[in-house]
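Have the viewer open as you read.

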Amino acid sequence: YSLRSFARSVDVSPGVLSKALNGEDSISYSIATKILKKLNLSQSEKENILKCKKFFEEKVSCFEPIIND
């Protein structure tokens, strides 16, 4: 599953998705919920990511612990 394919499936540009996953840019709550709906995470994991205020305000990736496992 490529980044480009995943981006298409969540209706987000590949550039935006790449920057969000790498902590290079912040994203909107709306985009975050689209991404989280497609990931195989528990509800509590999704909620913890959405509570991560830095994720929306700063250039930091709250996905990092998940994608680096």
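1. Let's start with Lys 34, which sits in helix α3. Keep in mind that this is a predicted model. Is Lys 34 buried, exposed or something in between? Its relative accessibility comes to 31%, so Lys 34 counts as partly exposed.

2. What does Lys 34 touch once you set aside its neighbours within four places in sequence? The answer is Val 10, Asp 11 and Val 12. There is also a C-alpha pair to look at here: Lys 34 and Ser 9 are 25 residues apart along the chain, and their C-alpha atoms are separated by 9.1 Å.

3. You'll find Asp 11 in the loop that runs between α1 (3-9) and α2 (14-21). Its phi is near 60°, which is a positive value in a residue other than glycine. Asp 11 has a relative accessibility of 63%, and the cut-off for exposed is over 50%, so Asp 11 counts as exposed.

4. Back to α3, which covers residues 29-38. Which of its residues are buried? They are Ala 32, Ile 35 and Leu 36. Look down the axis of α3 and these buried residues fall within an arc of 95°, so they line one face of the helix.

5. Next, the packing of α3 with α4, the helix of residues 43-51. Two packed helices are described by the angle between their axes and by the distance between those axes. For α3 and α4 the angle is about 160° and the axes are 11 Å apart. Since angles over 145 degrees count as roughly antiparallel, that makes α3 roughly antiparallel to α4. The crossing of α3 past α4 is right-handed.

6. Who meets whom in that pair? On the α3 side the residues are Tyr 29, Ala 32, Thr 33, Leu 36 and Lys 37, and on the α4 side they are Lys 46, Ile 49 and Leu 50. Sorted by class, the contact has five nonpolar, one polar and two charged residues. Ala 32 and Leu 36 are in this contact and are also among the buried residues of α3.

7. Finally, the chain as a whole. The secondary structure comes to six helices and zero strands, with the pattern α-α-α-α-α-α along the sequence. The chain has 69 residues, and 28% of them count as buried. Taking contacts between residues at least 6 apart in sequence, 44% join residues at least 24 apart.

Technical notes
Residues are numbered from 1 along each chain as its sequence is written. This is a predicted model: local features need pLDDT of at least 70, side-chain atom pairs count only at pLDDT 80 or more; totals for chains, interfaces and linings use all residues. Side-chain values use heavy atoms; hydrogens and water are left out. Helices (H or I, at least four residues) and strands (E, at least two) are DSSP runs, numbered from the N terminus. Buried means under 20% relative accessible area, exposed over 50%, partly exposed in between (1.4 Å probe, protein chains only). The arc is that of the directions from the helix axis to the C-beta atoms. Contact means heavy atoms within 4.5 Å. Axes are lines fitted to C-alpha atoms, for helices over the stretch in contact, and angles run from 0 to 180 degrees between N-to-C directions. Angles under 35 degrees count as roughly parallel, over 145 as roughly antiparallel, 65 to 115 as roughly perpendicular and the rest as oblique. A crossing is left-handed if the near helix is turned anticlockwise from the far one by less than a right angle, and right-handed if clockwise. Ala, Val, Leu, Ile, Met, Phe, Trp, Tyr, Cys and Pro count as nonpolar, Asp, Glu, Lys and Arg as charged, and the others, Gly among them, as polar.
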